[in-house]
Amino acid sequence: QHDIAVLFVAGFGSSMVFGSFIGGMADWGGRRLFIVVFALIYAASCLTKHFKNFNVLMLGRLLGGIATSLLFSVFEAWLIRAHADAGLKQYIGRSFSWAAYCNSIVAISAGLVANSAAESFPM
């Protein structure tokens, strides 16, 4: 149980540490590039879940924390910059509203599908 707790905290700690400067790195290195970096880091994080080695799992949690920091900074910065470049600053609020609304719809739909799948296959 201790190892599970350590892995759990490592993911949040990684996000806390990297979240403080990862957004600035994306501004410096390019938002699109860091979105691709997010996808690669997140994919690597997911791959580590298939191993029973503590060090590999820890690496996965650290990568997951970095990916979370990227997820909650780079995409929003890219959207804001894209609106500014296109001269559509007045629509930023509407875009974020639609994003939040659609995110909720997808989350609810995924929950319903998962519930149906779980009920279809008895344990």
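This is a predicted model: local features need pLDDT of at least 70, side-chain atom pairs count only at pLDDT 80 or more; totals for chains, interfaces and linings use all residues.

Colleague: How is the packing of helix 3 and helix 4 described, and at what angle do their axes cross?

Modeller: Two packed helices are described by the angle between their axes and the distance between the axes. Helices are DSSP runs (H or I, at least four residues) numbered from the N terminus. Axes are lines fitted to C-alpha atoms over the stretch in contact, and angles run from 0 to 180 degrees between N-to-C directions. Here the axes of helix 3 and helix 4 (residues 54–71) cross at roughly 150° and come within 8 Å. The two helices are therefore roughly antiparallel, a label for angles over 145 degrees. Helix 3 passes helix 4 in a left-handed crossing, that is, the near helix is turned anticlockwise from the far one by less than a right angle.

Colleague: Which residues of helix 3 and helix 4 make the contact?

Modeller: Contact means heavy atoms within 4.5 Å. Helix 3 contributes Phe 34, Val 37, Phe 38, Ile 41, Tyr 42, Ala 44 and Ser 45, while helix 4 contributes Gly 60, Leu 63, Gly 64, Ile 66, Ala 67, Leu 70 and Leu 71. By class, this contact has 11 nonpolar, three polar and no charged residues. Ala, Val, Leu, Ile, Met, Phe, Trp, Tyr, Cys and Pro count as nonpolar, Asp, Glu, Lys and Arg as charged, and the others, Gly among them, as polar.

Colleague: How does helix 3 (residues 31–47) lie against helix 5 (residues 74–85)?

Modeller: Their axes come within 9 Å and cross at roughly 150°. Helix 3 and helix 5 are therefore roughly antiparallel to each other, and the crossing is left-handed. Arg 31, Arg 32, Phe 34, Ile 35 and Phe 38 of helix 3 meet Val 74, Phe 75, Ala 77, Trp 78 and Arg 81 of helix 5. These residues divide into seven nonpolar, no polar and three charged.

Colleague: What is the angle between helix 2 and helix 3?

Modeller: They pack at about 125°, with their axes 6 Å apart. Helix 2 and helix 3 are therefore oblique to each other.

Colleague: Which residues make up the largest nonpolar core?

Modeller: In soluble globular proteins, nonpolar side chains tend to be buried together. A nonpolar core is a set of buried Ala, Val, Leu, Ile, Met, Phe, Trp, Tyr and Cys residues joined through side-chain atoms within 4.5 Å. The largest one has 11 residues: Ile 22, Ala 26, Phe 34, Ile 35, Phe 38, Ile 41, Leu 63, Ile 66, Ala 67, Leu 70 and Val 74. Helix 2 (22–29), helix 3 and helix 4 each give two or more residues to this core. Not counting residues up to four places away in sequence, Phe 34 touches Met 25, Ala 26, Gly 29, Leu 70 and Val 74.

Colleague: Is Thr 48 buried or exposed?

Modeller: Buried means under 20% relative accessible area, exposed over 50%, and partly exposed in between (1.4 Å probe, protein chains only). Thr 48 counts as buried, at 7% relative accessibility, and lies in the loop between helix 3 and helix 4. By contrast, Arg 81 in helix 5 is partly exposed, with a relative accessible area of 43%.

How values were computed
Residues are numbered from 1 along each chain as its sequence is written. Side-chain values use heavy atoms; hydrogens and water are left out. Angles under 35 degrees count as roughly parallel, over 145 as roughly antiparallel, 65 to 115 as roughly perpendicular and the rest as oblique.
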